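Here is a friendly walk through one structure, written for someone who likes to know the cut-offs behind each term. Have a look at the chains first.

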Amino acid sequence: MSGRRKVLTKYKLGGSGWIVTILSATFCVFAGMVSVTHKAPVPYELKYPANFGSRFTIPADNPTTQEGVYLGRMLFYEKRLSANNKLSCESCHEQKRAFTDGRPVSMGVDGSFTPRSSMSLANLLWVRNFFWDGRSQSLEAQAAFPLTDPHEMGQTLAESVKKLQKTAPYPALFQGAFGETGITEQNILKALAQFERTLISADSPYDRYMAGRYQPTETELRGMQLFENGPDPRRGIRGANCGHCHGGPKTFKELFHNNGLDSAFTDPGREKVTAQSMDKGRFRVPTLRNILLTAPYMHDGRFKTIESVLDHYSEHIQQSATLSSFLQDISNEEGGKSLSLAPQEKQDIIAFLGMLTDSAFMTNPAFTNPHSISKAQQHARNQDIQQQIFPVRSTPVRPHNAYVRANRGYTNCLRRSSHAARTQSAGLGIHEASQP
Amino acid sequence: MKQVSHKVKDRDGKEHEFKGVALIEILEKAGVTTGAKLRGENLVKYVLITAADGYEVLYALAEIDPEFADQLILLATEKDGQPLPAGEGPFRIITPKDKKPARWIREVRSIKIAFAKN
């Protein structure tokens, strides 16, 4: 092996807090032995604001690449992955609704309903425990659930492999993304996971506010204060304490809580995963990004409107043995038993939640259905899909090892700059979590 | 194990008496390198404590050893003579010299000791 080169450049764009890291990964030229050059996939650059932090792990055996992401996007919208060829991931995760489906629970191929409500697929890169109960630990593992669940897409991975093998342009796409291994069960999951990691929502008015580029309205500002503050009537501080669980720039902390929906539980939530009775009725705290577009709310979609969510937290918290201690005995009235927010305060909080709508996320062309192109284009693309969609690289690249190495540098460089970004935008929600 | 107690001011601004056992004693019983064995490469060991809700805090192992630090970190089981209530117990860490109680992690579910990697 010779001619190895590693370039890692970091740009910080004027005050925006965005960091663009260009990874020109290691180029490994195989001296002498190269007669047939197989075009290797090109690393995909994940962009996000420094204040999101870099606490995430991309599996070493599934680096994010342009080809993998594109294939994942094709598969996300591919109905052949379902038993009746009628459902794709999109059926329950529509881009225009921040990848939810607007229904309390969703219908699968067999006409039955999922036990829980669909979840928004934004900023999954930072999630470590997937689903409402956190039962899956990686996007690769997660994808197998909806694909094979008889009440969702209902098709074995082996059957999906067979169908894709017979469908252009998949053989070429898989080769481009994964080389010789081609279409396999694992590669289907890997490609989907790669695409999902790119679903980053980080350009809402709230992000622009944190970067000093957006001036919130009066009501938004009041809502933001209420969202962050814990109530302390003796000191005259009004608050809703939402930030305790939904705080930080990503608007979720990866915590499991019983937020007082019920006093008896039809769905045990986290308890099913841990087998600990202390976890009965606990669910993962979901992100509130794009929340005004993702009604109905909660794991069972019980609340049709955001107003009823606020009414819940303000007046209807149900007591039970596992109710989160952060929702007990907190009130805006001295000695009060419920949060007791005034109607205007609820409106203020909703105005703040509106700041979390990132309109560009819902229209980002990189996330739309790639199948909706004409037959002629399709044909042309089949000829050489790579050439059309991705920049052509003349140097033979071996990205797998290279990317992992480069990626490590990337993470380090972000870590270093995140402190600077934090101090720079010392606004709300940037502080670290504190439990008690 | 020997019961220890600390009188400290909690988040609510009030003083409470927490009772339990010294965290170091539990680690010792579990075979963790403490005392004379806590030197050399063992000084890059950390202790990651996780709560039932997924909240996590981290200590350097040496911080927990009273041969290094001027305090005794408690794994508390009682508050003011009562077992810790649901949502706080059955175990809670009390670190009297931490000025902010953010690492006084409640509902302790797991304690992991590992070498820091760089």
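The report below goes from the overall build to the chain contact, the salt bridges and the backbone.

## Ground rules

This is a predicted model, in which local features need pLDDT of at least 70 and side-chain atom pairs count only at pLDDT 80 or more, while totals for chains, interfaces and linings use all residues. Residues are numbered from 1 along each chain as its sequence is written, chains are lettered from A and ligands numbered from 1 in the order in which they are written, and side-chain values use heavy atoms, with hydrogens and water left out.

## Chain A at a glance

Of its 436 residues, 54% are buried, where buried means under 20% relative accessible area, exposed over 50% and partly exposed in between (1.4 Å probe, protein chains only).

Contacts (heavy atoms within 4.5 Å) tell us about the fold too: among those between residues at least 6 apart in sequence, 69% join residues at least 24 apart.

## Where the chains meet

The contact draws 18 residues from chain A and 19 residues from chain B. About 1,500 Å² is buried between the two chains, and carbon and sulfur atoms give 45% of that; buried area is the accessible area (1.4 Å probe) that two parts lose on being put together, summed over both.

Four salt bridges are counted between chain B and chain A, a salt bridge being a side-chain nitrogen of Lys or Arg within 4 Å of a carboxyl oxygen of Asp or Glu. Arg128(A) and Glu56(B) form a salt bridge at 3.8 Å, N to O.

## Salt bridges throughout

Over all chains, the whole structure has 33 salt bridges. Glu140(A) and Arg197(A) pair up at 3.0 Å, N to O. This pair links distant parts of the chain, 57 residues apart, with Glu140(A) in helix H2 (residues 139-148) and Arg197(A) in helix H5 (residues 185-197) of chain A. Both Glu140(A) and Arg197(A) are buried.

In chain B, Asp98(B) and Arg103(B) form a salt bridge with their closest N and O atoms 2.9 Å apart, and both residues are buried. Shared partners join the salt bridges of Arg116(A), Asp133(A), Arg135(A) and Asp267(A) into one network. The bridge between Lys96(A) and Glu94(A) has a closest N to O distance of 3.2 Å; Lys96(A) is exposed at 56% relative accessible area, whereas Glu94(A) is buried at 17%.

## Backbone exceptions

Most residues other than glycine have a negative phi, and most peptide bonds are trans. Ala295(A) and Pro296(A) are joined by a cis peptide bond with omega about -5 degrees, and Pro296(A) lies in the loop between strand S5 (283-284) and H10 of chain A. Another cis bond joins Gly89(B) and Pro90(B), with omega about 0 degrees.

Which phi does Met298(A) have, positive or negative? The phi of Met298(A) is positive, at about 85 degrees, although this residue is not a glycine. Met298(A) sits in the loop between S5 and H10 of chain A and is buried at 15% relative accessibility. Thr251(A), also not a glycine, has a positive phi of about 60 degrees, and is buried at 1% relative accessibility.

Note on methods
Helices (H or I, at least four residues) and strands (E, at least two) are DSSP runs, numbered from the N terminus.
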